Amino acid sequence: MATAEAKVSPPLSFLLLPLSPNPGRQKASTLHLSEPLNNKRNGSEIFPLRGPVEGGTLLTVQGRNLGRRAEAVKVSIGDVPCSLLPDRYTVSLELVCITGWSADEKTDIVQVDVEQSGTGTSKESFSYLLPKLLYMEPNKGYHAGGTKVTITGEHLDIGSQVRVMVNSTHECVITEKTDNVIECTMPAVTQAHVSSVSVCVEFENLPCQRDDLSTTYTYKKNPTIFFIEPTKSYLSGGRTITVTGQGFDLVQSAVMQVEGIGQTMCSVISNSTIHCPSHSSSESQQTSVRFFLNGVLYTDESSSSSDSEEEEDEEGEDGDPNKDHFLLEYVEDPQFFTANKEKLIKHHPGEPLTLIINKGPSDLDLVPEEYSVMIGSYPCNISFHNDQLFHCTINGLLGSSERELPVTVQVGNFRHIIAKVQLGGSELAIVVSIVVCCVLLLLCTVALVVYCTKSRRAERYWQKTLLQMEEMESQIREEIRKGFAELQTDMTDLTKELNRSQGIPFLEYKQFVTRTFFPKMCSDYEKSLVLHAYENDGMGPRALPETHPLLQDWQATNTTKPNVEEGITLFSTLLNNKHFLVTFVHALEQQKDFAVRDRCSLASLLTIALHGKLEYYTSIMKDLLVDLIDASASKNPKLMLRRTESVVEKMLTNWMSICMYSYLKETVGEPFFLLLCAIKQQINKGSIDAITGKARYTLNEEWLLRENVEARPQNINVSFQGCGMDSLSVRVMHTDTICQVKEKTIEAFYKNLPFSQWPRAEDVDLEWLDSGGNSKLLQDLDNSSVMEDGRKKLNTVFHYQIPEGASLAMSLKDKKENTLGRVKDLDTEKYVHLVSTLQKLLQ
């Protein structure tokens, strides 16, 4: 018996372990012998516990008594064989096999058969699983690669080897892998035309065979960086560098690398903007900046073109935005100090605090959003006066246990304490608190007493209030009556301003017709001729001659005159044919290139041609109106006659103008003109702001000058050189600007002519002749102009100290000069006359 027992082989035991880079990550499984040669059991393990149904998983078995020859050992998972790898076999201790193919998903134990030693089975089971890819995000990225994608699915961490292949040629580098998620970094593609590729999860080096393990990924064009701004940073760093370009929507991470200094992380703001904080530097220098987008160094795609180096240099000099690196200059940190450069500022708690901070000269071009000021832990509201000065204001109460609070100015990473605020009056605050408490107690007592007596005194107060309101209404009525009497305009004062020998300057009938029928053409003629009509004219102001071609004498040569006259006579005969004229108008209106302006011109020409036959003209107009009504009835009759878009509408306008001329001239023209003169004379009695146009005496509340600006009238004697008239006495206000004095002088000389024939104030010069015979050119702005609240004030009569009865000379300018232009067009933020915009805002 002893001999027999000596020949028995040792019991079979083994461990199944994975062929994995990190086998200790998963817990091993214990196996035991199903038919041991003795009753003793040995521990054993297997790994991995899962694999794909296609097989190919490298299964490692470690243990004891696992045979002495690889040919004597057989491994199976249930009924699926596992092919042993002889070169990976270690005698009695370890074996490696490749799992076979399974028809479907299942779970079974692992069996190891060793000749003449028995069969061992595992306690843990090996599972055949069917992995599945559900989706991948993001599903698009740049050609340069670097995009991190997340693949979500089921059973993605099974088997001994998993990889993600792109288009079956490139591998997506796996950074993290779990049962449900695989994270990897997409590779770059060199072919620019590649757009959509397939992405497949492969197991055990087997090619992708199922559609549920693959998806589609789209390669997009690489982003382009145009420029960066600002191109300067302070040494402390932290300044926001704005990267402008296109195609940033797929950027997951961005890094700005400053050559020789360091790199910082950036934030993607939009498809065209990336913000990067600048890195700090130890010295002032100019260096280059490069960017890493999704971990890939940004390169300009245009740099790979076949252009010569000289062409690339020229493009770089011309500012071509396509380049790989950008220049960034480091300069010294900005310097800040208080207005008086004091280091200790005393402040009483409970009062608003305002600090004036100056910035030293620098070329950083800082914007207001880059500044931050803190007083202790309290943020300060910043308001900028200019680039070198700003105000820091705290309206709340400063409360702190510390007696001194530092004033810190921060720009990016640069922080500098410019001063300290010393909080004082703590003892006074305690006394004030006690006094306030006492006052509140007293007020509560008084309020209680008042509440008890309020019901009895309410009626008496009400009656007293009614009496006060009646007295107030009476006073207001009295003030209104006095003010109305004061502002009355005497007709005698008005009519004596007019030259009754010439009468009111009515337009002659020809001028009235020309302006009504051809307003645009008359305006063009006046603009070109009104200034030249008074140059070196010793006869004085007079009406302009008519310049419209229709009012001029017709000139024709002797050879063409008979033919032209015959043609005009025949055409006049056709115009007197009613049927022809109506058909002629309709035919022209049907032409697509017959514009609205052409229709108005045709209507005016017909009105002039038929001016002597108004009855015939009226009948033609009636027929055309009937046709217009019939045409508009089917479309939108509400829009008819609202705009002059047809010939008959302009004919109707001209017809009404002709009929109303006598009524306007003989009946309502003079009252309207006197009303206008009265309103203007009343407005000129008070101050008028030359820039805003607001007046002290006006009928429009929106244009009322509410500030009480005293205006003192005075008379000056003005002569118009080259006008052929004696000097006139002009009434002005001592608050009038030089431009306003010119306008009143021009009105005095040209009051009997139409306003369209007056020269402009910008076209004349005004000189003051003092008692010594010296002359001085008067202007709204000159070297003597004063500054008021940071704005330049316009020169006035009071500014030049022009006395009562002074002699002034006005003359037309010989040629155009670069003058100030119209005063009403001046910027209210730079110039002021009576009241500045800043004062209005403060009020």
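The torsion about the S-S bond of Cys-380 and Cys-392 is about 130°, so this disulfide is right-handed. Here a disulfide is taken as a pair of cysteine sulfur atoms within 2.5 Å, and in this case the S to S distance is 1.6 Å. The structure is a predicted model, in which local features need pLDDT of at least 70 and side-chain atom pairs count only at pLDDT 80 or more, while totals for chains, interfaces and linings use all residues. Residues are numbered from 1 along each chain as its sequence is written, and side-chain values use heavy atoms, with hydrogens and water left out.

Helices and strands are DSSP runs numbered from the N terminus, with helices being H or I of at least four residues and strands E of at least two. Cys-380 counts as buried at 9% relative accessibility, and Cys-392 is likewise buried, at 1%. Buried means under 20% relative accessible area, exposed means over 50%, and partly exposed lies in between (1.4 Å probe, protein chains only).

How many disulfides does a search of the whole structure find? The search finds five. With bonded cysteines counted along the chain, the disulfides follow the pattern 1-2, 3-4, 5-6, 7-8, 9-10. One of them joins Cys-82 to Cys-97, with an S to S distance of 1.9 Å. Cys-82 belongs to strand β7 (residues 80-84) and Cys-97 to strand β8 (residues 94-99), so the pair ties together parts that are 15 residues apart in sequence. The torsion about the S-S bond of Cys-82 and Cys-97 is about 90°, so this disulfide is right-handed, and both cysteines are buried.

Another disulfide is formed by Cys-200 and Cys-208, whose sulfur atoms are 2.0 Å apart. Its S-S torsion is about 95°, so the bond between Cys-200 and Cys-208 is right-handed. Cys-200 is buried, with a relative accessible area of 6%, whereas Cys-208 is partly exposed at 32%.

Attention now turns to the aromatic rings. A pair of aromatic rings is described by the distance of the centres and the angle of the planes. Rings of Phe, Tyr and Trp (its six-membered ring) pair if their centres lie within 6.5 Å; planes under 30 degrees apart count as stacked, over 60 as edge-to-face and the rest as tilted. The whole structure holds eleven aromatic pairs by this search. In one of them, the rings of Phe-291 and Phe-326 have centres 6.0 Å apart and planes at 65°, so the pair is edge-to-face. Phe-291 lies in strand β25 (residues 285-293) and Phe-326 in strand β27 (residues 326-331), so parts 35 residues apart in sequence are tied together by this pair. Both Phe-291 and Phe-326 are buried.

A tilted pair is formed by Phe-512 and Tyr-661, at 4.9 Å centre to centre and 45° between the planes. Phe-512 is in helix α5 (residues 509-517) and Tyr-661 in helix α11 (residues 647-683), so the pair ties together parts that are 149 residues apart in sequence. Phe-512 counts as buried at 17% relative accessibility, as does Tyr-661 at 11%. Elsewhere, ring pairs link Phe-336, Tyr-371 and Phe-390 into a cluster.

Helix α12 (residues 738-750) has 13 residues and reaches 18 Å from its first C-alpha to its last, close to the 18 Å expected at 1.5 Å a residue. The expected span of a helix is 1.5 Å times one less than its number of residues. This helix is mostly covered, with ten of its 13 residues buried; among them are Ile-738, Val-741, Ile-746, Phe-749 and Tyr-750. Cys-739 also counts as buried, at 10% relative accessibility. What covers the buried residues of α12 includes β37 (713-720), β38 (728-733), β39 (764-769) and α13 (797-800), where contact means heavy atoms within 4.5 Å.

Finally, an open sheet of three strands has the order β41-β42-β44, with mixed pairing. Its edge strands, β41 (787-788) and β44 (831-832), each pair on one side only. Two strands pair if DSSP finds at least two bridges between them. Strand β41 runs antiparallel to β42 (residues 791-793), and two bridges join them. Met-787 stands opposite Lys-792 in β42.
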